[in-house]
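Open the model in your viewer and show side chains. The tour visits annotated residues, one stop at a time.

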Amino acid sequence: MILPIVGYGDPVLRKVGEAITPDYPNLKETIANMYETMYNAYGVGLAAPQVGMAIRLFVIDTTPFSDDDDLPSEEQKDLKGFKKTFINAKIVKEEGEEWSFNEGCLSIPDVREDVYRKPTVTIEYCEEDFVMKTEVFDGLIARVIQHEYDHIEGVLFTDKISSLKKRLIQKKLKNITEGKTFQEYRMKFAAAKKGR
């Protein structure tokens with residue numbers, strides 16, 4: 001089932017997600033719905049807060065990036081078919097020299113900005129089997145993980161840009177909060193909740 005994506009300004013996007021257990025209600029269905037919602041919106045990642053749930057869960061599928069001919073063929077190969085569910089994730093370490101990449105977010109439509117992040121990430125997480133593992137990722141896979149991880153920490157990519165750039169996009173962010181944006185995918189907005 002395709003879920004509405006929560007727009008910028010909704011308080012759930014600022015909450016730190018709570019850890020979940022294997023008996024979390026309808027977990028398999030929730031994960032399946034999140035993948036379906038992400039694919040419907042042509043995203044490469046989606047975190048539970050973006051569909052209104054303040055829990056430590058996000059899904060990614062970096063396959064769309066594998067078509068980018070500007071990337072080395074080895075990275076294109078890594079990106080193709082990289083699909084993973086992250087539950088109760090905790091970034092242990094980020095390392096390397098920060099690099100810039102133009103990021104966007106399904107919760108913040110029509111806003112894209114260059115964001116600096118470290119290229120390598122070590123993360124503890126479990127998949128649906130709830131067996132904790134520690135893995136190291138780098139490049140665009142690491143970046144997508146970092147972006148989605150930020151969501152379960154109540155952080156948005158717009159928090160990571162300069163104050164000047166924030167001022168320049170202030171009107172767009174206000175419009176999103178008020179639901180004055182149109183997307184090809186279903187969204188729900190903070191202003192609509194308040195009855196405006």
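Helices are DSSP runs (H or I, at least four residues), numbered from the N terminus. This is a predicted model, where local features need pLDDT of at least 70, side-chain atom pairs count only at pLDDT 80 or more, and totals for chains, interfaces and linings use all residues. Residues are numbered from 1 along each chain as its sequence is written, and side-chain values use heavy atoms, with hydrogens and water left out.

Stop 1: Select Cys105, His147 and His151, which UniProt lists under "binding site" in an unreviewed entry. They spread over 47 residues of sequence, yet cluster in space, with a largest C-alpha distance of 10.3 Å. UniProt positions use the numbering here, feature names are shortened, and annotations may be inferred rather than shown by experiment.

**Stop 2: His147.** His147 sits in helix α3 (residues 139-152). This residue is buried, at 8% relative accessible area. Buried means under 20% relative accessible area (1.4 Å probe, protein chains only). Beyond neighbours within four places in sequence, His147 contacts Glu103, Gly104, Cys105, Arg117 and Phe157. Contact means heavy atoms within 4.5 Å.

**Stop 3: His151.** Stay in helix α3 for His151. His151 is buried, at 1% relative accessibility. Leaving out residues up to four places away in sequence, its contacts include Leu13, Lys15, Pro49 and Cys105.

Stop 4: Which residue does UniProt list for "active site"? Select Glu148, from an unreviewed entry. Glu148 is in helix α3 and is buried, at 4% relative accessible area. Setting aside neighbours within four places in sequence, Glu148 contacts Gly45, Leu46, Ala47, Gln50, Phe58, Val59 and Ile60.

Note on methods. Helix = DSSP H or I, 4+ residues; strand = E, 2+ residues; numbered from the N terminus. Buried < 20%, exposed > 50% of the residue type's maximum accessible area, 1.4 Å probe, protein only.
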